[in-house]
Amino acid sequence: MSNKYFLLAILALAACSTGNKKPTDTPKDRLVHQLFTFAEEGRIAYGHQDDPCYGHSWRVEDWENDELERSDVKDVTGKYPMVVGFDLGDIEHGADKNLDGVPFGLIRKAALKHIERGGIVTFSWHPDNILTGGDAWDVSSNQVVKSVLMGGENHAEFMVWLQRAADFLESLGDVSVIFRPWHEHTGSWFWWGKDLCTPQEYIELFRLTWVYFTKERGLTNLVWCLSPNAPITPEEYMERYPGDEFIDIMGADFYETLDPARQEEMGVVFSNVIKDLMNTLSALGMEHHKLIALAETGLEGIPDPVWWTEVLYPSIKDYSISYVLTWRNAWDQPGHFFGAWEGFENAPDFKAFCEKDHILLLDI
Ligand code: BMA
């Protein structure tokens with residue numbers, strides 16, 4: 001089947017899966033339909049993490065009175081990113097601000113404003129390590145996932161953590177957002193990673209979260225995204241796959257990291273991994289009738305002047321991914337950025353990427 005007919009078939013299936021209802025009956029149906037439409041039209045929505053809250057060397061100060069019109073992406077291209085991502089890390093403690101110091105009030109306001117403007121919102125979550133008291137990156141124990149599952153010593157407290165995350169998402173009201181918990185689980189840098197729990201334990205963690213949010217809290221507007229990290233084979237993807245009932249988007253994360261000793265290979269290794277990943281996600285998406293996405297990517301500090309147009313773009317343009325998101329531009333760490341900003345030497349290359357027919361931003 002050609003790509004086009006495959007996508008039409010998928011759209012028809014998505015419509016059928018809602019039973020008698022039209023595919024646009026609920027906010028979730030509308031978001032899923034919108035993402036399938038991008039894929040059908042051969043367009044990829046561009047996303048940027050934390051984009052309305054801060055950028056390279058600026059941040060929203062008085063968020064309650066700020067119109068939230070600034071954006072590093074808009075400064076360079078004149079448009080907002082179609083997708084914006086936010087992180088819920090520290091919501092589990094009932095904190096006022098997330099792990100990067102962004103007030104949850106600002107996150108709520110920015111998310112709703114972006115949706116009102118016609119954009120799409122996605123949430124990730126880097127919760128702390130409940131067993132050790134460390135952060136999400138504390139991988140000193142391989143008992144953490146086990147301890148939060150039913151029957152585990154931290155299960156009751158963990159359910160309070162889930163409750164706080166669900167409270168926040170519920171506070172957004174009747175809108176649909178992408179939720180992407182327990183990401184990069186095929187690496188071993190988060191406490192829910194590959195060497196830290198068995199496939200069954202990971203799947204139980206994901207399902208526990210889904211069942212609590214969906215069945216107990218009635219948060220039926222969430223579009224659930226799974227994003228292991230690449231490189232990944234289809235077998236590895238499926239080994240920790242929670243099941244079709246629990247997943248709407250089969251995504252993945254992959255960043256370029258530069259080896260200073262192999263400058264001449266800049267872009268090549270990354271591009272090869274991304275193309276393999278795109279082939280894997282396309283096949284899995286077709287088999288499971290799911291949307292696919294490059295849920296996180298980037299090259300920190302973007303030292304490659306043609307990274308957008310000659311590395312990222314050719315690697316993704318022929319695939320029906322619904323969106324691609326680059327990570328945040330930290331306002332307080334000058335070298336920690338993954339998107340372009342006004343004045344950065346690579347900004348024209350980013351603008352050229354955004355002007356490609358395949359790439360979709362949000363018109364103002
Ligand atoms: C990481 C880095 C950290 C940040 C975390 C959560 O990739 O950007 O500085 O705290 O994401 O946003």
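Start by selecting Phe190: at 2% relative accessibility, Phe190 counts as buried (buried means under 20% relative accessible area, with a 1.4 Å probe and protein chains only). Before moving on, note that this is a predicted model, where local features need pLDDT of at least 70, side-chain atom pairs count only at pLDDT 80 or more, and totals for chains, interfaces and linings use all residues. Residues are numbered from 1 along each chain as its sequence is written, and side-chain values use heavy atoms, leaving out hydrogens and water.

How far apart are the ring centres of Phe190 and Trp192? They sit 4.7 Å apart with planes at 20 degrees, so this pair is stacked. (Rings of Phe, Tyr and Trp, using Trp's six-membered ring, pair if their centres lie within 6.5 Å; planes under 30 degrees apart are stacked, over 60 edge-to-face, and the rest tilted.)

Next, pick Trp308 and Phe353, a tilted pair with 5.4 Å between centres and 45 degrees between planes. Trp308 belongs to helix 10 (residues 307-316) and Phe353 to helix 11 (residues 347-354), 45 residues apart. (Helices are DSSP runs of H or I, at least four residues, and strands are runs of E, at least two, numbered from the N terminus.) Both rings are part of one aromatic cluster, which also includes Tyr46 and Phe254.

Last stop: helix 4, residues 104-116. Its buried residues include Phe104, Leu106 and His114, and among the elements covering them are strand 5 (83-87) and helix 6 (155-170). Finish at Gly118, which follows helix 4 and has a positive phi, near 105 degrees.

Conventions. The expected span of a helix is 1.5 Å times one less than its number of residues. Buried means under 20% relative accessible area, exposed over 50%, partly exposed in between (1.4 Å probe, protein chains only). Contact means heavy atoms within 4.5 Å.
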